[in-house]
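This briefing summarises the computed features of the structure displayed below. The points are grouped by topic.

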Amino acid sequence: HIQSIMPSFGPISGSTLVTIIGYFQSSRTLCKFGSIVVDGRLKFQTLVECASPREQEGYVFVEVSNDGSYWTTSQTLFLYHNPTSIFSISPTTGPLSGHTKLTIMGENFLSEPVWCKFGNSLMTGTVVNHDIILCETSMSAHPGAVDVEITQNQKDFSRSEIQFLYQDVFVQYLFPSFGTI
């Protein structure tokens with residue numbers, strides 16, 4: 001019997017590592033996404049991992065078997081969606097201290113939750129609609145460019161190759177240099 005799966009959605013390209021929680025009795029485990037059967041890995045008696053196969057957009061049932069003849073009948077749903085893509089970010093630069101409010105434009109964003117990845121740092125974001133996400137940048141120890149990607153299940157990330165530039169911020173000129181208090 002399947003109690004839950006995490007994540008419950010992934011891209012149509014497949015390869016999402018899905019964790020299935022339940023009770024499983026055999027070391028040989030198979031997973032079925034709709035009608036497609038893939039090998040599973042029994043991690044514990046209560047946990048199986050399977051990589052989702054390639055599939056068309058939409059919902060499929062996920063079931064588990066230890067012999068390929070008898071399957072669970074939990075009818076747990078997994079959603080296949082078109083992959084998320086980032087087209088642009090604004091602004092493209094900000095201070096090392098982080099907290100730059102970033103607008104990310106792209107396509108195929110699902111509803112909450114969403115995380116924005118700046119280099120190796122994950123920050124929570126807000127989905128405005130299917131085309132816009134808002135995030136604040138993390139802080140960085142060093143100036144330089146980092147890749148910006150998003151994930152909605154913490155397993156599958158966009159592959160945009162868009163970069164954000166962290167810069168040291170300093171005041172070069174102050175004008176006017178005097179005034180009233």
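Cys116 and Cys135 form a disulfide with an S to S distance of 1.6 Å. Cys116 belongs to strand β12 (residues 115-118) and Cys135 to strand β14, so this pair ties together parts that are 19 residues apart in sequence. The model is a predicted one, and the values below are computed from it.

**Disulfides**

- The torsion about the S-S bond of Cys116 and Cys135 is about 60°, which makes the disulfide right-handed.
- Cys116 and Cys135 are both buried.
- Two disulfides are found when the whole structure is searched.
- Cys31 is joined to Cys50 by a disulfide, with 1.6 Å from S to S.
- Because Cys31 lies in strand β4 (residues 28-33) and Cys50 in strand β6 (residues 47-51), that pair ties together parts that are 19 residues apart in sequence.
- Cys31 and Cys50 are both buried.
- With bonded cysteines counted along the chain, the disulfides follow the pattern 1-2, 3-4.

**Overall fold and dimensions**

- The protein contains 16 strands and zero helices.
- The C-alpha trace spans about 85 × 30 × 30 Å along its principal axes.
- The radius of gyration is 22 Å, whereas a compact globule of 181 residues would have a value near 16 Å.
- Of the contacts with a separation of 6 or more, 54% are between residues 24 or more positions apart.

**Surface and charge**

- Buried residues account for 38% of the 181 residues.
- The protein exposes about 10800 Å², and carbon and sulfur atoms supply 54% of that area.
- There are 9 positive and 15 negative side chains, and the centres of the two sets lie 9 Å apart.

**Two loop residues**

- Thr137 is located in the loop between β14 (132-136) and β15 (144-151).
- Thr137 counts as buried because its relative accessibility is 1%, under the 20% cut-off.
- Leaving out residues up to four places away in sequence, Thr137 touches Gly98, His99, Thr100, Leu102, Phe118, Met123, Phe164 and Tyr166.
- Ser15 is located in the loop between β2 (9-11) and β3 (17-22).
- Ser15 counts as exposed because its relative accessibility is 60%, over the 50% cut-off.
- Apart from neighbours within four places in sequence, Ser15 is in contact with Ala51, Ser52 and Asp156.
- Ser15 and Val128 are 113 residues apart along the chain, and their C-alpha atoms are separated by 27 Å.

Key
Residues numbered from 1 in each chain as written. Predicted model: local features only at pLDDT ≥ 70, side-chain atom pairs only at ≥ 80, totals over all residues. Heavy atoms only, no water. Helix = DSSP H or I, 4+ residues; strand = E, 2+ residues; numbered from the N terminus. Rg over C-alpha atoms; globule rule 2.2 N^0.38 Å. Buried < 20%, exposed > 50% of the residue type's maximum accessible area, 1.4 Å probe, protein only. Contact = heavy atoms within 4.5 Å. Areas by Shrake-Rupley, 256 points an atom, 1.4 Å probe, with all protein chains shown as cover. Lys, Arg positive; Asp, Glu negative; His and termini not counted. Charge placed at Lys NZ, Arg CZ, Asp CG, Glu CD. Disulfide = S-S within 2.5 Å.
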